[in-house]
Amino acid sequence: MNFWYFWFDPINFIARWLTGLLTGWGLASWLTSLIIQLVGAVVLISLMMVFDIFLVWVERKVVARFQDRLGPNRVGPFGIFQPFADIVKLIIKEDITPDGADKVVYNLAPVLSLMSVLLLWAVMPLAPVIFGVDLNVGALYIIAAGSIGTLSIIMAAWASNNKFALIGAFRQVAVLVSFEIPMIATMLIPTILAGSMGMNEIVQGQQTVWYVLLAPLAALTFLIAAIAELGRSPFDLNEAESEIVAGFHIEYTGMKFGLFYAGELLHAFTFGGFWAILFLGGYHLFGLENLGPLVAVLILFAKAMFGYWVIMWIRYTVMRIRIDQMLAFNWKFLTPVAFVLLMLTALMNALLRPASSGIYIAGMLLTNVVLGWIIVEILSGFGRRERQKAEGVATAAASAHR
Amino acid sequence: MTTETLIWLIPLPPILAFFLIVLFANRSKALSHTIAVGAAFLSWLGAMIVFVRAIGTPELGRTPFASFINWIPTADTWLKVGVQIDPLGAVVLFFVAWTVLMIFIYSVGYHNFGQPKGDHDIAGLPPHGASDEHGHHVPSVEPMYSRFFAFISLFAFGMFTLVVSDNLLTLFAGWEIMGLCSYLLIGFWYAKPSARDAAVKAFMTTRVGDVFMLLGIAFLYSATGSLSYRDIFQPQVLGALASVPTPIFGLSAAGLIGLLLFIGTIGKSAQFPLHVWLPDAMEGPTPVSAMIHAATMVSAGVYMVIRMFPLISLDPHTMTIIAFIGTFTAIFAATIAVAQNDIKKVLAYSTISQLGFMIAALGVGAYVAAAFHLVTHAFFKALLFLGSGSVIHGMEHGVLHTGNHEVDPQNMFNMGGLRKKMPITFWTFLIGGFALSGFPLLTAGFWSKDEIFTEAFGTGHWIVFITLAVAAFLTAFYTMRQITLTFLGEPRTKEAEHAHETKWTMTAPLVILASFAVCAGWVGIPQDFLGLHLNPTWFHEFVGSTLSVMPGAAPFSWIVLGTSLVVALGGLFVGWLVYRNVASVEQDKLQIPLLKNKYYFDEIYSAVFIKPATWFADAIVYQTMDKLLIDGVLHFFGKAAQAIGSVVRKYIDLLIINRTIGDGTARVTQWVGKNLRPIQSGRIQQYMLVSLIVLLAIAGLLYYLLAIV
Amino acid sequence: MIPLSWFLILSAALFSIGLFGVLSRKNAVAILLGIELMLNAVNINMVSFWRYGDVSQMAGQVFAIIVFAVAASEVAVGLALVISVYRRRNTVIAEELDLMKW
Amino acid sequence: MTVLQIFFLIVALVILGSSLMVVTTRNLIHAALWLIVTLFGVAVLYAVLNAGFLAVVQVVVYIGAIAILFIFAVMLTRKELRDRGPQLNRGWWLNVIIALLTFGGLFWMLQSWNGFSKTAAAFPSSYDALGQLGNALISPNAFVLPFEVASVLLLAALVGAVYIAFNPPSGDSRK
């Protein structure tokens, strides 16, 4: 019985045990709850950091497969201990602070960068009973944490006293501030569908049907905005090795660079997780999550890994685009699409909600399909015009040449 | 669908077509004419159904198809509008629907649909032809094709409204819509100054008649409180109207109203003395001439008089005036027609003359005869006009072929021998011409004209009878002159040699109308013709039943029959005889200046009305009233005000206001500004500091003051 | 429980500090920073009055949000102006931008 | 003194200290970063006041947008990264007096108000402040008009900012 209690509510089980223990020591109740919350946060963060190490390996392995290589395969079976070797390497490197750097800010930036990612896990509902806090403004919280990441980038770049870093930061900040808009707009779509901004309620709202079925275009838009937010290819022009060497973390060495790197990987995985939560049903998988919270956590991690894999897939397949193309893409395409989606979804949701669930799902899906079709038509028309213009220029040039 | 509903719906398709073409279809020529012809066809269909039901309904005269709605509330009653089809309305609807449909179809060909765009055609001028890829000159399509169909659709709406309405108000509305369309269509080629002038002339001249007609309607409404035929033609109402005297010419109210309404007809049906606009109206495209100025609109004037016959016939004076005007117009226009060289002008004067026949028939009380001639005339005159349009079209083809644009394709002396080139046009034109002349027994014109003669003779109007007989002789003469000059003999010009037959869209209406020009008369063969005892005259029975008392038919007379045979056959023969060998204008003995210049009516009007009016406007109104009197007063005021102003300026403005107040304040302001200048340092923070200190000071002061209180 | 006065005193202090910044800083951007401080002081007041009054009356929060909007607009336009001025005059020192004087 | 009061005092100290740094520090980037600390402190205060939504919005709008814009502006309006020389106007001591006077005036005014030191009723546990706020913002009986006006203001500011900062492609304004 004790075991089943643990199995179905492990966190509360441990919390109750700890409370008993600590009050037994004679501590004040507020101190006890504070300690327990701190312990919870520390445990969660530590787990994520360890998982981050695993992610390094995943990333290196996957990219290798994408590029038709083997990837790390010397340290341990399948090279699984390669990240530890990397860490050792990073730690023993010389820690350089450039001359003319703003030391405090310079050292604060990588911490903030990783912190902004870890903050996100506070609202991540891992299982029905395993979550940090159930904020009623969870969706906004994600954006808020993301803005701290933006801040860390600009701090790092400015403190480095380096032109390349500053250029990278400018680009990144412009991109982040811009892509926040479609991101918020598409995050509001699950919010509308679930009737709440809280992550838990959004996940619970997907008990019967995942929102990716109701709003596939929103899922796609969110993914694109998330990739831009992450600064990964094709939107990785904050790093853009071939142009500005490494962007904002050009001057960082050793473990400080490691923090940025780890933060980036974990960030990608986290957004995979949020993608799963907002659109892919979170820990729901045909009732399997009822077997126990740990199963639910596994399901969620698998889905998050899928999202992470999609992000990687795009990263290693698509080439980088220019900053002006990127901003134009956002302001002239993604933002309008996101707003149209938002309005249309709200409207259709209000119209179809009273209908039976079959009609509701079919109607929402149909709306998305029709809108997608219209978007594709508009895009292809635009593309045709551009192509004709280009061809016209080419023929004109050719005739002039002749 | 009940017949009443159907009658309501008859005028609708053309107006819808008008809006559709104007708003949506004006880019596509094919769509425009499809809409217009389709609308005309729908109206035709409705009209035919109504007509068939009407002739199948016994006692239609007593209980016509009628339906009305309350429209405008007047004090304690309603101004009603509605539709009504009685036997007269039915036959008018019949010929209107047919001619309108025919002319719509004809217009498609007339405006060269399917031909290429002109090389240098501009909107507002007739098309000049185009060159195709082989360098041949071919006719070019009308640039304002859609506009034409929109206008004639609107016109058709007006005509149908006029025919189906059961009261004078909607009749007048249709009447005026047609007036507008007439203006628009005469001036269709608005880039031609002559077309513009003709349009304005037509509009202004008919306006004179319309004003009197409106007066008549207003008088009628004030006298009876209703405009609907049903109410007006009540015996007690008519009796009251006939017995009320008016101070004008000693006419009764009925007579005066009838006279006023008849003046409207004079304008619309181009009777003397307001006939001057109709010949000039030939500047419009030929389908327009056919439809508006021969078949329908000018008939509307006659229709109105026939419609109001129970009222008009109450006063013998009015009837005398009507008879006089009609008879005079008939002979007068016929004499002018004899000397015209333009193929359309001849027909225009012929139209005036024939309308005179109808009016004269009404004047002698021949109600049915007038209606009969109205119907037959509409068919054969539309046929003649369309035929002339076909001839002109063929001639234009010749002109395009030779490229000699000096040759007028409308002048009959440039034609000749066209019967071989344009056989269908020739034969149909011949039928129409014979119908117009009253060729015995076969043609419709004979029967209707004969009936008018019989009535005039039978009622003892000798002068009318003889005058009309002479006019009929002249009619036959100029008709044969026209046919001879146009179709018989040898081509007088190269252009005539190269003319050829027009398209089926133009010839098909000709053939259909030609059959009507023959057959339409057979419904009106008198019962005792030649002393035989035939079936009762169907037309007489049917239309006559419109009146509350069936008019009696005048007895058959050998004198009348002989007269009508002599004038018709004699006129035709003489015409052929005289013009058989005429090769040029110089050989024509009838080019009498007096006739050629239409008795100088335009000049007389110019001298009598226009010149004095211009003189009055210029000399009296402008020079004396405006410049001398009004401007003088105004100038006086202006001068006086200026004088007062200069005094004020000198002693008050300059001295006190400028010197003391103006300069003084400026100086003070300048001084203050100079001394306050350092405050404006341009530093935002300093401003803020100062304003904050002031705020704190005032807040403290206020608090202090409030605390004390 | 925290008394309302603490919040009010804090916001008054923050407001005064912001005011000092606005009045004293040379750099135009820094002046805008001071304005942000003042706006935040106002917002603290709004929210605390909401909390310490009738919580079902949302006016305090609503106007806090409107202050957010105003602050965002003000910063956007203000900084755009500063950058524009810098391009033309090559300085952002408020005292040197005294073109609008006599 | 309860835990919450201690917590408040700490936050208040952070806010005041960092805001003082904002107005006094020489390095403008540091001033902007200090501003972020202040804003974060204010966000915490909102959370203490049960206005969670405002706290998050404070972070999103102020830290995520406004502060970043400030740092941008600072970077874009200098030729070198360091600020040299005094950053305060000459008569800054006068401004200290003015600020102190303002504070004194405000304090004096506030303490004369009888609701000055009242305490709040406990926050109703099931009260959905966020939902109420949302309703109030879009309810025609409440604040929909100010809300719309604010949105129009934002739009105008957007257009205005783009227009002002737009660098004409040709022209000699950039020297």
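This report walks through a predicted model with chains A, B, C and D.

**Chains A and C**

Chain A has 15 helices and zero strands. Of its 402 residues, 43% count as buried.

Chain C has three helices and zero strands. Read from the N terminus, its elements run α-α-α. Chain C has 102 residues, and buried residues make up 61% of them. Among its contacts between residues at least 6 apart in sequence, 50% join residues at least 24 apart.

**Where chain C meets its partners**

Chain C touches chain D. The contact takes 61 residues from chain C and 74 residues from chain D. Which helices of chain D supply at least two residues each to this side? They are H1 (3-24), H2 (28-48), H3 (52-76), H4 (92-111), H5 (129-138) and H6 (144-165). The largest share comes from H4(D), with 11 residues. By type, the chain D side divides into 56 nonpolar, 16 polar and two charged residues.

Chain C also touches chain B. Here the contact takes nine residues from chain C and nine residues from chain B. The chain C side divides into six nonpolar, no polar and three charged residues.

**A look at H4(D)**

H4(D) has 20 residues. From its first C-alpha to its last it reaches 28 Å, close to the 28 Å expected at 1.5 Å a residue. Asn95(D), Ile98(D) and Ala99(D) are buried in H4(D). These residues cover an arc of only 95 degrees around the axis, which puts them on the same side of H4(D). The face of H4(D) turned away from the buried side carries exposed residues: Trp93(D), Ile97(D), Gly104(D) and Trp108(D).

**A buried helix in chain B**

H16(B) covers residues 343-363. Its 21 residues should span 30 Å at 1.5 Å a residue, and its end C-alpha atoms are 30 Å apart, which agrees. Is H16(B) largely enclosed or largely open? It is largely enclosed by the rest of the structure, because 21 of its 21 residues are buried. Just after H16(B), Gly365(B) takes a positive phi of about 85 degrees.

Most residues other than glycine have a negative phi, and most peptide bonds are trans.

| Residue | Phi | C-beta neighbours inside 10 Å | Class |
|---|---|---|---|
| Asp68(A) | about 60 degrees | 6 | exposed |
| Ala270(B) | about 55 degrees | 30 | buried |

Where do these residues sit? Asp68(A) lies in the loop between helix H3 (29-66) and helix H4 (82-92) of chain A. Ala270(B) is in the loop between H10 and H11 of chain B. Asp68(A) has 6, so it counts as exposed. Ala270(B) has 30, so it counts as buried.

The loop that holds Ala270(B) also holds Pro273(B), between helix H10 (253-268) and helix H11 (277-280) of chain B. A cis peptide bond joins Phe272(B) and Pro273(B), with omega of about 5 degrees.

**Nonpolar cores**

The largest nonpolar core has 217 residues. Which of its residues touch the most other members? They are Phe379(B), Ala382(B), Leu468(B) and Ala517(B). Helix H17 of chain B (residues 367-402) gives the most to this core, with 21 residues.

Ala382(B) has contacts well along the chain. Leaving aside its neighbours within four places in sequence, Ala382(B) is in contact with Thr99(B), Met102(B), Ile103(B), Ala290(B), Ala294(B), Ala295(B) and Leu513(B).

Methods:
Residues are numbered from 1 along each chain as its sequence is written. Chains are lettered from A and ligands numbered from 1 in the order in which they are written. This is a predicted model: local features need pLDDT of at least 70, side-chain atom pairs count only at pLDDT 80 or more; totals for chains, interfaces and linings use all residues. Two residues are in contact if their C-beta atoms, placed from the backbone, lie within 7 Å. Helices (H or I, at least four residues) and strands (E, at least two) are DSSP runs, numbered from the N terminus. Ala, Val, Leu, Ile, Met, Phe, Trp, Tyr, Cys and Pro count as nonpolar, Asp, Glu, Lys and Arg as charged, and the others, Gly among them, as polar. A residue is buried if 20 or more other C-beta atoms lie within 10 Å of its own, exposed if 12 or fewer, and partly exposed in between; C-beta atoms are placed from the backbone. The expected span of a helix is 1.5 Å times one less than its number of residues. The arc is that of the directions from the helix axis to the C-beta atoms. A nonpolar core is a set of buried Ala, Val, Leu, Ile, Met, Phe, Trp, Tyr and Cys residues joined through C-beta atoms within 7 Å.
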